[in-house]
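This report is for a reader new to the structure. Please look over the sequence and the model shown here before reading on.

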Amino acid sequence: MEGSIINSWGIDPGYIILGMVIIILILFITVIVSLIKMSQLYRRYDIFMRGKDAETLEDLLINQIEDINLLKIEDKTNKENIRSINRNLRASFQKLGLVRYNAFNGMGGNLSFVIALLDYTNSGFILNSVHSREGCYMYLKRVDMGQTEILLGSEEREALEQALGYVEYSGPDQ
């Protein structure tokens with residue numbers, strides 16, 4: 001074996017064999033670790049798939065997609081309903097001013113009152129109810145963007161200012 005290639009390298013063949021054994025051991029350990037990890041993965045997959053087949057999973061996915069589509073339709077409907085409610089809310093009366101007062105000093109009690117009802121644009125009306133011994137008289141004055149064409153009395157002005165938020169409501173017994 002004097003003319004062999006290994007001898008021409010100048011390395012003892014025992015070292016080469018020892019190096020190959022170490023590489024084989026490392027590869028063997030790597031294969032064992034890979035098999036263990038694959039076994040764990042297979043167990044997890046088996047638990048996931050237990051009692052289910054591919055058709056069942058496909059049905060489950062199809063049902064989920066149908067549910068998502070239904071939710072999208074409901075979401076669109078809800079958004080349209082919210083827009084409609086917001087439009088209606090702007091047109092409804094949402095600001096209130098109330099003033100109770102004694103129209104005639106000899107009557108006793110604050111039986112007369114003024115109510116101002118306004119919408120989002122500060123338009124609406126002022127209702128003045130004057131109570132006297134002869135009866136009850138009601139007057140209605142139109143409000144457009146917080147202004148009236150008719151001169152307001154002090155109680156009517158106070159009710160309008162309450163509705164506009166300039167003055168706070170002080171309760172029923174003023």
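## Loop residue M145

In this predicted model, M145 lies in the loop between β4 (136–143) and α4. The phi of M145 is near 55 degrees, a positive value in a residue other than glycine. Most residues other than glycine have a negative phi.

Is M145 buried or exposed? The relative accessibility of M145 is 61%, so M145 counts as exposed, the cut-off for exposed being over 50%.

## Loop residue N122

Another loop, the one between β2 and β3, holds N122. Here too phi is positive in a residue other than glycine: for N122 the value is near 60 degrees.

N122 has a relative accessible area of 22% and is therefore partly exposed. That class covers values between the limits of 20% for buried and 50% for exposed.

## The largest nonpolar core

The largest nonpolar core has 13 residues. Those that touch the most other members are V114, A116, L118, I126, V143, A159 and L160. Two or more residues each come from β1 (95–101), β2 (112–118), β3 (124–131) and α4 (154–164). The largest share, four residues, is given by α4. In soluble globular proteins, nonpolar side chains tend to be buried together.

## Contacts of A116

Which residues does A116 touch, not counting residues up to four places away in sequence? They are K95, L96, G97, F125, I126, A159, L160 and A163. Among these contacts of A116, I126, A159 and L160 are also listed with the core residues that touch the most other members.

Terms used
Residues are numbered from 1 along each chain as its sequence is written. This is a predicted model: local features need pLDDT of at least 70, side-chain atom pairs count only at pLDDT 80 or more; totals for chains, interfaces and linings use all residues. Side-chain values use heavy atoms; hydrogens and water are left out. A nonpolar core is a set of buried Ala, Val, Leu, Ile, Met, Phe, Trp, Tyr and Cys residues joined through side-chain atoms within 4.5 Å. Buried means under 20% relative accessible area, exposed over 50%, partly exposed in between (1.4 Å probe, protein chains only). Contact means heavy atoms within 4.5 Å.
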